[in-house]
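Here are some notes for a colleague who is coming to this structure for the first time. They are set out as numbered points, to be read with the sequence and the model at hand.

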Amino acid sequence: MKEEAILKNLSKHINLTKEEKEFFISFLHYKKLAKGEILLNYSEICKQQYFVISGCLRNYSIDEYGKEHILVFAQTDWWTSDLYSYVTETPAENIIDALMDTEVFEMRKDDMEKVFERVPKFERFFRILFQNAMVNSMKRLSSSMSIPAEERYQAFIKQYPTIYQQIPLKHIASYLGISPEFLSKIRNKLAHAS
Amino acid sequence: MYRQTKRTRIMKARSIQQVTVATQVQMGRDFIYQPFPSHQLRDVDPFILLHHWGPYEFPPNNDALSLGAHPHRGFEPVTFIFSGEVWHRDTMGNDSIIKEGGVQWMTAGKGVMHSEMGTDEFHKKGGAFEIIQVWMNLPKKLKMTEPVYQGFQKNNIPIVNQDGAKVKIAVVSGKVENTSGPIKSITGISAYTIYMEANSKASFTTDASKSPMLYMLNGSAIVNGTKVEEGRSAITFNNDGTEITIEAAQPSKFLFLEGEAIKEPVAQYGPFVMNTKEELHQAFEDFQRGKMGVLND
């Protein structure tokens, strides 16, 4: 049962009764995406949080010269959304699409509010989720300014242990802010060192 | 009496609307300068974006400018090369290296793929590099026009000398005094690059029906009575006259642009500029389906 995956994820931070679980599950919408399918397009308002049951999503923008800049990958057992658009309720400047065949649960913002009101412990869950996201984005920003690309690649492998071999090299290079050629050199160097 | 009134009106200086200093933005690995779009200056219709690269001094064995194959639709990306050289290739079959003082004017229209790279020779030797790319919008009726590329080297762009040749106005398109530029603009845009020595004076007439924009790359000057002391400044004008006079205190370099305001809704994302969100989505779909051609890096 696909709901088991999300309940297991919730149990990392909160304990729920059977009724609370059922109440939460009643608001979930299941969606299956084919590789390359867009979940959230630029200029749309992001009104959902997404939970990745399987597969991988990416959140990225495209600059004036057609170059993609990947902000985040969301792998299995991760929550994601376009937080800027979700919080400000303004059109998204980024795109979320599926890097491979992916299954997600969507939860609408207004339903989330209903859950918070009826079961306040969900506020604890999402507080922890958002504070972790905040810490991760601070770390990412800080490392992009001061840490060499080789170390950032190693940190990437650590953060995405199950998925990094399935993500095309050009996308990892975009995430790290380096050219695919440079990433190839780093990978070769690390392969020879090990 | 009528003639005098007309003469007085024609000779009146345009007053300055705003001076906007460019902000630095990161474009992938490059840091470039962008006076607009910005919080201070959204656009200068029909000009929607100005990117200023450099001036940089690249060492030998560099990898200057690397804008690999990418699409455009709905506008004209135009590159003015002040120093260095740019290698343009596109899906129309053009393969063109334009050097210092030249221009690459591409009408993307219904869609084209192109790449803009440093040349092998420049990568090997290094040197000074400074370019400006401007995005010139197309009106709805021309957004899906056939794509066209026009590339002109410095020696094909005529010069108008002023102030005892202390001022050189290179006429890329439009007309200064009796000299016309080689570019055929489908929307009637005038574009000049202006090179001024210290203590020199330039003057030219603008079209009352169009929006002019002057960008000072470097230098210090008085433009229609307003001091512009910081390089990388975009100067916009009110529509209360036609004359522009520049008095340069130091050696100064400018790009002048003038075009008819389009006054249509603009929907822009990434490399496409359309009128509606739906047209933007269509542009991405057409690009992904290969309708804008395939160009290998």
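Which domains does the domain assignment of chain A give?

1. The model discussed here is a predicted one. For chain A, the domain assignment gives domain 1, covering residues 2-146, and domain 2, covering residues 147-194. The C-alpha centres of domain 1 of chain A and domain 2 of chain A lie 24 Å apart.

2. Where these domains meet, 13 residues of domain 1 of chain A are in contact with twelve residues of domain 2 of chain A. On the domain 1 side, the elements of chain A that give two or more residues are β4 (56-62), β5 (68-75) and α5 (121-146), and the largest share, five residues, comes from β5(A). Sorted by class, that side of domain 1 has five nonpolar, six polar and two charged residues.

3. A helix pair of chain A deserves attention next. Helix α6 (residues 149-159) of chain A and helix α8 (residues 180-193) of chain A pack at an angle of about 75 degrees, and their axes are 10 Å apart. Because angles of 65 to 115 degrees count as roughly perpendicular, α6(A) is roughly perpendicular to α8(A). The residues that meet are A149(A), E150(A) and Y153(A) from α6(A), and F182(A), L183(A) and I186(A) from α8(A); by class, this contact has five nonpolar, no polar and one charged residues.

4. Two checks can be made on α8(A) by itself.

5. Which residues are buried in helix α7 (residues 169-176) of chain A? They are I172(A), A173(A), S174(A), Y175(A) and L176(A), and what covers the buried residues of α7(A) includes β5, α6 and α8 of chain A. Just after α7(A) comes G177(A), which takes a positive phi of about 75 degrees.

6. Turning to the contact between the chains, eleven residues of chain B are in contact with nine residues of chain A. On the side of chain B that touches chain A, β5 (66-72) and α3 (277-288) of chain B each supply at least two residues, while the largest share, three residues, comes from β5(B). By class, this side of chain B has six nonpolar, four polar and one charged residues.

7. Is A22(B) buried or exposed? A22(B) is placed in the loop between β1 (16-21) and β2 (23-27) of chain B, and it counts as buried because it has 23 C-beta neighbours inside 10 Å, where 20 or more are needed. Leaving aside neighbours within four places in sequence, A22(B) is in contact with Y33(B), Q34(B), P35(B), H52(B) and R232(B). The C-alpha atoms of A22(B) and W135(B), 113 residues apart along the chain, are separated by 16 Å.

8. K124(B), which lies in helix α2 (residues 120-125) of chain B, has 11 C-beta neighbours inside 10 Å and therefore counts as exposed, the cut-off for that class being 12 or fewer. Apart from neighbours within four places in sequence, K124(B) is in contact with P60(B) and N61(B). K124(B) and E100(B) are 24 residues apart in sequence, and their C-alpha atoms are 17 Å apart in space.

Key: Residues numbered from 1 in each chain as written. Chains lettered and ligands numbered in written order. Predicted model: local features only at pLDDT ≥ 70, side-chain atom pairs only at ≥ 80, totals over all residues. Contact = placed C-beta atoms within 7 Å. Helix = DSSP H or I, 4+ residues; strand = E, 2+ residues; numbered from the N terminus. Nonpolar A, V, L, I, M, F, W, Y, C, P; charged D, E, K, R; others polar. Axes fitted to C-alpha atoms, helices over the stretch in contact; angles between N-to-C directions. Parallel < 35°, antiparallel > 145°, perpendicular 65-115°, else oblique. Domains from an automatic or database assignment.
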